[in-house]
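Hi everyone, thanks for coming. Please have the sequence and the 3D view ready, and we'll walk through them together.

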Number of protein chains: 2
Amino acid sequence: MSLTRLSPAECDEGLARLPAWSLADDGLAITRRFLFSDFAEAFAFMTRVAILAEKADHHPEWFNVWNRVDIRLTTHDAGGLSRRDLALASAIDRFAG
Amino acid sequence: MSLTRLSPAECDEGLARLPAWSLADDGLAITRRFLFSDFAEAFAFMTRVAILAEKADHHPEWFNVWNRVDIRLTTHDAGGLSRRDLALASAIDRFAG
């Protein structure tokens, strides 16, 4: 999948289809916070995302504390957002519950 | 295990036995960075830590990107470091490789 950095118009279009995600302040990434009932639920989610990310060869930057998971998606090789980020965000949303 | 906040002397003593860990700037936590060969290795490590943390009912604050895992241990209920953090750090070290 293309590693070309998306244009501002393409970013807007992509984010319109990902209403739960926000553009990071620096414009280089999209972010979403996920909240679960406890750590076990949060880590089960992370495990699913990890397998998905490994298959896609595109990995998140993420932070976890207890029931909270903060995910940031960016494409370092593109210097910002690429279609890979939109695709991974969409796939994550499908099992975010 | 005690949730009492450690005294500065107890922190020093504990950290002396955990040479790979550092006291956070705010003095409320200990931190360690782990580097692996790739994402799969990093997440395998995280999975082991997650199971350990869940069994201990004491959970890390952690960040991962690709082959890097940054762990911060603190005890919110104690308002700083407790023996739980030292015990979890020691257990994590045992399989950090």
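Let me begin with a word we'll need: a strand here is a DSSP run of at least two residues, labelled E and numbered from the N terminus. Please also keep in mind that this is a predicted model.

With that in hand, find Asn64(B), which sits in strand E3 of chain B. Is Asn64(B) buried or exposed? Asn64(B) has a relative accessible area of 0%, and because the cut-off for buried is under 20%, Asn64(B) counts as buried.

Strand E3 of chain A, residues 61–65, pairs with E3(B) in the antiparallel sense, over five bridges. If you'd like one pair to look for, Asn64(A) stands opposite Trp62(B).

Let's step back to the whole interface. Here 15 residues of chain B are in contact with 16 residues of chain A. The size of an interface is often given as the accessible area lost when the parts come together. For chain B and chain A, that comes to about 1,400 Å², with 74% of it on carbon and sulfur atoms. In chain B, the residues that lose the most area to chain A are Phe39(B), Phe43(B) and Trp62(B), together 36% of what that side buries.

Which elements of chain B give two or more residues to that side? They are helix H2, residues 39–56, and strand E3, residues 61–65. H2(B) provides the largest share, seven residues. By type, the chain B side divides into ten nonpolar, three polar and two charged residues. As for specific links across the interface, there are zero salt bridges, while two residue pairs are in polar contact.

In E2(A), Ile30(A), Arg32(A) and Phe34(A) point to one face and are buried.

Which strands does E2(A) pair with? E1(A), residues 22–23, runs antiparallel to E2(A) and is joined by two bridges, with Ser22(A) partnered to Thr31(A). E1(A) and E2(A) form a hairpin with six residues between them, and in the turn Gly27(A) has a positive phi of about 75°. E4(A) also pairs with E2(A) in the antiparallel sense, this time over six bridges. There, Leu35(A) has Arg68(A) as its bridge partner.

Last stop: Ala78(A), in the loop between strand E4 (68–73) and helix H3 (83–94) of chain A. Ala78(A) is buried, with a relative accessible area of 14%. Beyond its neighbours within four places in sequence, Ala78(A) is in contact with Leu3(A), Thr4(A) and Arg5(A).

Technical notes
Residues numbered from 1 in each chain as written. Chains lettered and ligands numbered in written order. Predicted model: local features only at pLDDT ≥ 70, side-chain atom pairs only at ≥ 80, totals over all residues. Heavy atoms only, no water. Contact = heavy atoms within 4.5 Å. Buried area = accessible area lost by both parts, 1.4 Å probe. Salt bridge = Lys/Arg side-chain N within 4 Å of Asp/Glu carboxyl O. Polar contact = N/O pair within 3.5 Å; in protein donor to acceptor, adjacent residues only side chain to side chain. Helix = DSSP H or I, 4+ residues; strand = E, 2+ residues; numbered from the N terminus. Nonpolar A, V, L, I, M, F, W, Y, C, P; charged D, E, K, R; others polar. Pairing = 2+ DSSP bridges. Buried < 20%, exposed > 50% of the residue type's maximum accessible area, 1.4 Å probe, protein only.
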